[in-house]
Amino acid sequence: MSERGGSRPWNVVVTGGGTIAPIDDVRHIANASTGRFSAAITEAWLDRGATVWHLHAPMAELPIRRHLSAIDLARPVEELRHDLETLADRWQVQRDRLHLVPLSKGTVAEYARTLEEVLRSKPVDVVMLAMAASDYEPIAASGKIGSEAEVLTIHCQRTQKVIQSVRDWAPQAFLVGFKLLSGSAESELIRAAEEAYRINRTDLTVANDLRLYRAGRHTIALVRPNAPVETLGPEDGDLARLLVDRVSRWAGGDRER
């Protein structure tokens with residue numbers, strides 16, 4: 001078990017999945033985030049002995065439970081039994097340290113409210129905000145918009161930047177933000193991450209590109225104030241585990257609490 005400076009295990013908050021923005025009573029806009037990487041991050045923290053509050057969007061993949069869907073039911077029964085028993089053993093060992101915090105509606109406002117409640121009520125050491133929060137949301141119509149029009153125009157308004165409040169809610173925590181672009185050059189991605197950590201007051205910004213991810217070449221750039229950028233790709237191994245290794249080192253040694 002890995003502990004903070006030999007004292008106590010880590011207390012960590014991880015957020016994941018994509019927020020939902022209603023258009024009317026029956027329609028909504030969502031984004032492409034599955035919550036898979038945030039679930040892997042939580043699993044890596046659990047394997048280090050941490051207690052994790054995993055705040056997730058309604059349709060996000062969940063830590064440990066997500067592996068059930070990956071089990072191939074066409075395999076021999078004995079192999080299936082072994083896989084299920086291994087997963088069940090893991091759940092039994094870690095379930096008391098995993099606190100799932102679901103969003104019922106998945107809106108940005110609900111995300112902000114729930115995250116603040118968790119951070120103000122727990123002794124949190126690390127906050128990793130992998131939730132894909134919408135930058136804009138429609139001005140929702142009451143009832144259902146009719147389906148007669150050939151073109152539907154939706155007016156959107158800017159949402160709250162949740163991450164910009166987190167330093168006030170958990171001033172002593174090591175704060176990790178995530179920056180996603182698509183089809184960007186590496187230099188552009190790093191500049192965006194540098195701007196993000198200045199505005200959001202994060203200790204680390206994890207930058208990645210959606211096109212690389214979808215092409216099976218998930219690569220993350222770890223961008224910190226006054227520190228060299230470190231880039232990790234699929235050839236380096238389990239990115240979630242490598243990221244948690246770095247965060248536990250930097251949060252425990254580089255930053256006074």
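Leaving aside neighbours within four places in sequence, L204 is in contact with F174, L175, V176, G177, L222, V223, R224, L243, V247 and W250. Contact means heavy atoms within 4.5 Å. This is a predicted model, in which local features need pLDDT of at least 70 and side-chain atom pairs count only at pLDDT 80 or more, while totals for chains, interfaces and linings use all residues. Residues are numbered from 1 along each chain as its sequence is written, and side-chain values use heavy atoms, with hydrogens and water left out.

L204 belongs to the largest nonpolar core, among the residues with the most contacts inside it. A nonpolar core is a set of buried Ala, Val, Leu, Ile, Met, Phe, Trp, Tyr and Cys residues joined through side-chain atoms within 4.5 Å. Buried means under 20% relative accessible area, exposed over 50%, and partly exposed in between (1.4 Å probe, protein chains only).

Helices (H or I, at least four residues) and strands (E, at least two) are DSSP runs, numbered from the N terminus.

| Element | Residues |
|---|---|
| β3 | 11-16 |
| α1 | 36-47 |
| α2 | 77-94 |
| β8 | 126-129 |
| α7 | 239-253 |

Helix α7 gives the most, with 8 residues. A second, separate core of 24 residues includes L55, A60, Y111 and I163.

Now the sheet. Its 8 strands run in the order β7-β6-β3-β8-β11-β12-β13-β14, open and with mixed pairing. Two strands pair if DSSP finds at least two bridges between them. β7 (98-102) and β14 (230-232) stand at the edges with a single partner strand each, so one side of each has no neighbour in the sheet. Strand β6 (residues 51-56) runs parallel to β7, and 5 bridges join them. H56 stands opposite P102 in β7.

Helix α5 (residues 186-200) has 15 residues. Its span from first C-alpha to last is 21 Å, close to the 21 Å expected at 1.5 Å a residue. That expected span is 1.5 Å times one less than the number of residues. In α5, L189, I190, A192, A193, A196, Y197 and N200 are buried. They fall within an arc of 160° seen down the axis, so they line one face of the helix. The arc is that of the directions from the helix axis to the C-beta atoms. On the other side, R191 and R198 are exposed. The buried residues pack against α4 (163-169), β11 (174-181), β12 (204-209) and β13 (220-223). Just after α5, R201 takes a positive phi of about 60°.
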